Every structure is written in C-alpha cells, then in structure tokens.
Amino acid sequence: MLVVQAWAEGWGLLFAIMAQRAFPNPFADYEKSLATGYFDSSGRLTPEFTQHLNNKVKELLQQMERGLKKADPKDCTGYTGWAGIALLYVHLYDVYGDPSYLQVAHEYVKKSLSCLTKRSITFLCGDAGPLAVAAVVYHKLQDDKQAEDCIARLLDLFRVNVPVPSEMLYGHMGYLYALLFVNKHFGMEKIHRNYIQQICDTVIASGEQLAKGRNFTSKSPLMYEWYQEYYVGAAHGLAGIYYFLMQPNLGVSQAKLHDVVKPSVDYVCQLKFRSGNYPPCIDDKRDLLVHWCHGAPGVIYMLLQAFKVFGDQKYLSDAMQCAEVIWQYGLLKKGYGLCHGTAGNAYAFLALYNLTKDMKYLYRACKFAEWCLSYGQHGCRTPDTPFSLFEGMAGTIYFLSDLLVPTKAKFPAFEL
C-alpha cells in the first residue's frame, strides 16, 4: 500500500512540475456536438470559424509589421529573421492567391540576402533558408535568372569534407530541408535526387560511426550528438534526423531503413516517459518539456512517419500518446509560437488528423487555434524576438492561415 501511495505521490508531483510550464487546458475534449462551431461532418471549416481565422490573420499581420520596424536588421535567418517573414508571406500568397503577399515576400527576401550569416548552411539558422526562399519567390515572380542564381549559391554552400552536425537547426537535415523545399515549390526535381542521397549517406555514415565509437551499437545502430549531448527531439536530435531519413524522396535504401533506421527509431521509443512524453536528452529523467523542439510535439512526426514506412501499429499508438500529452500540457506559458508555443503544438494534432481522419484531432487543433485567437490575453511570456517565425507572432499567423485548409497544413520549415 505504501509503495502504491509513493508511486501516486511521485506521479502527482511529476504532473505538477509539467503544469508549471503550461496553462491548465480549459477546453472540453471532442464530442461531435461541440465541433459543429468549427467544422462540418466532412471536416470543412464553418464560414463563421473561417472568418474568425481570416480576421485574426489580418489583425496580427498589422501588429507584426509594426513590431518588425524594431527587429534586428542583420538577422537573415528563417528562425528569427527576415527569411522567416518572407516564408510567411510566401505561404499567405499560396493560401489566399493575393499577389501583394508575393511582393512583400520579395521585399523581405532582399533584406535577408543582404545580410547572410556566412557561417551556417541550414534552412532555419543559416544561409540555405534565405537562398531557398529567395529562389522560390523569384520562381513565382517568373524571374528565372535570379532563381537559378539563388539555387547555384544554395548548392555551393555544402562541402562534404567540412564537419557539420546532422541535426535540423544547424546541421545536414536543415540543409536537406532547403533542397526539398526548392523541389517542392518548383514542382520538379530541380535539385537532383543523387545529390540529396549523397548527403543522406553522409548522415547515416556519421551516425553509425558515432554509435560504434560510443558503444551505442547494441542499443541503436545510429547515434548523433550536439554540443556533447545526445538530444532526442525534433530540433537538435534523433527524432528530427530519423523523420527525414524515413522520407521516401531522400533515397535511403530499404536495407538501411530496416537494418539501421528502424532499430534506431525503436531506441527512441524506449525513452518514452510514463506520461507519454519524451526527454530532451538521453539519460535526462526530467519530464518537463512539451515543445516542438524538445518533447512529444516534435517526436510525434518521427512516430507517424515510422508508421507510414513500417506499418507497425505501435508507432501510431505512441503518436496518439503524444497527442494526449500535448492536449493536456500544450497550452504553453512560453507563448503562441512554433518552436515552443501553442501554435507549434497544434500542428501535431493536424499531422494526426491528416493520417487518421479522426475528427478528434481536428477539433483539438481548432481549440488550440481558439486559444491563439486570444493572442496576448493569457499572460504568456514575451519571446526574445516577439514577431519572428519560430519564436513569435509570425509563426502563429502561419498556423492560423494553415488551418484554413487543414488537409494541406504542414509544420513550416520541417514537415514534408
């Protein structure tokens, strides 16, 4: 009896600690009758809710533009700088078809290209993002010469013999996303699959080498580190890397997928906390973070992709557990952004909805959007870059506009 009581008290303390980082979820969970204000039986948003989203997008865009007048003029990046704002306007152009959004994207692209980092090669935190977004903007503006120049510069960033980590924000996966982003928006294999596959092979080889050198091979054939830590999540860690390696258009062989990637994914699955959440790093026992960058909201994409590739129900089951954690602890006190905010967490529900067609997950995404519609009214912290794509208001605008067509919604600069 004492053991049971101690376990229960420990479990309660765990949830109390997690709850310090999130607001209590005030929303009733899905029932068909509760969803009628958001969407019909086929998943189409109601005119009223659509109007609410459109109005908020316009309102927040005006606030964002005023706020950006004080933004760092030398931040070119997608994460906190001009390339991220340009990406938002490209997205708004794709959603609404208004050419004025494309013109605004062009202005921000020019700002971004004028202050490249000359350091990192990735989409979110380096020069690949500005160049890839610029290539797409020029392509949409039918300026082929400028688009080709940006692609040539993008390809010139990568050098096989230069040490680069493998993670998303500063490594190979962030560069790979830039290449895939270009191919997607050009609607063709603008960047050849063999080039992309070469980078994937480099990532797998480095993961195998580190696993062997650090005696991980018996647990996981692949291992990756960032600043001497074995990160687990989407931004810096294993889940983000494996999510990309399982993408069919990256050219990883079936043998490597089954012999190397799958057991490595299974190792990440074994790290799951009792809550259904995941640690930020291997051997970190603190069940604290429910963010896209660290925790269930990022790991869920790896799990869903593993289910698509390998067909094992356990991956979908674990993904659904992630969704329960996010529903309970995903209204974050850090704010409304993508990397560690409510909008980013809501994308996990959309990913599950688009795979399962279970209306519960669309409803939950709509409820998190409802929270975002009251932007600034919950007492959240103000991010360091309050109007940026990944920390601030631009990311929330991206999410609210993405929700207008839920079946096409994808977490920006990450989900494929």
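Predicted model: local features only at pLDDT ≥ 70, side-chain atom pairs only at ≥ 80, totals over all residues.
K360 is partly exposed, with a relative accessible area of 21%. That sits just outside the buried class, because buried means under 20%. I then checked its partner. The side chains of E324 and K360 meet in a salt bridge, 3.9 Å from N to O. This pair links distant parts of the chain, with E324 in helix α13 and K360 in helix α15 (residues 359-373), 36 residues apart. E324 counts as partly exposed, at 35% relative accessibility. I followed the shared partners too: salt bridges join D29, E324, K360 and R364 into one network.

**Other salt bridges**

I noted the total, which comes to 17 salt bridges. One of them pairs E208 with K256, the closest N and O atoms being 3.0 Å apart. E208 lies in helix α9 (residues 193-213) and K256 in helix α11 (residues 254-270), so the pair ties together parts 48 residues apart in sequence. I read both accessibilities. E208 is partly exposed at 27%, and K256 is partly exposed at 31%.

I went back to α13 for D318. D318 forms a salt bridge with K272, and the closest N and O atoms are 3.0 Å apart. D318 is in helix α13, while K272 is in the loop between α11 and α12 (296-310), 46 residues away. Is D318 buried or exposed? I find D318 buried, with a relative accessible area of 11%. K272 counts as partly exposed, at 27%.

**α13 against α14**

Next I looked at how α13 (residues 313-329) meets α14 (residues 342-356). Their axes come within 10 Å and cross at roughly 145°. The crossing is left-handed. On the α13 side I listed L316, A319, M320, A323, I326 and W327; these meet N345, A348, F349, L352, L355 and T356 in α14. I sorted the contact residues by type: 10 are nonpolar, two are polar and none is charged.

**α6**

Last I checked α6 (residues 128-140). At 1.5 Å a residue its 13 residues should span 18 Å, and its end C-alpha atoms are 18 Å apart, so the two agree. How many of the 13 residues of α6 are buried? I count 11, so α6 is largely enclosed by the rest of the structure. Among the buried ones are G129, P130, V133 and Y138. What do the buried residues of α6 pack against? I found α4 (82-96), α5 (99-113), α7 (144-156) and α8 (172-186). Just after α6, I noted that Q142 takes a positive phi of about 65°.

Terms used. Residues numbered from 1 in each chain as written. Heavy atoms only, no water. Axes fitted to C-alpha atoms, helices over the stretch in contact; angles between N-to-C directions. Helix = DSSP H or I, 4+ residues; strand = E, 2+ residues; numbered from the N terminus. Left-handed = near helix turned anticlockwise from the far one by under 90°. Contact = heavy atoms within 4.5 Å. Nonpolar A, V, L, I, M, F, W, Y, C, P; charged D, E, K, R; others polar. Expected span 1.5 Å × (residues − 1). Buried < 20%, exposed > 50% of the residue type's maximum accessible area, 1.4 Å probe, protein only. Salt bridge = Lys/Arg side-chain N within 4 Å of Asp/Glu carboxyl O.
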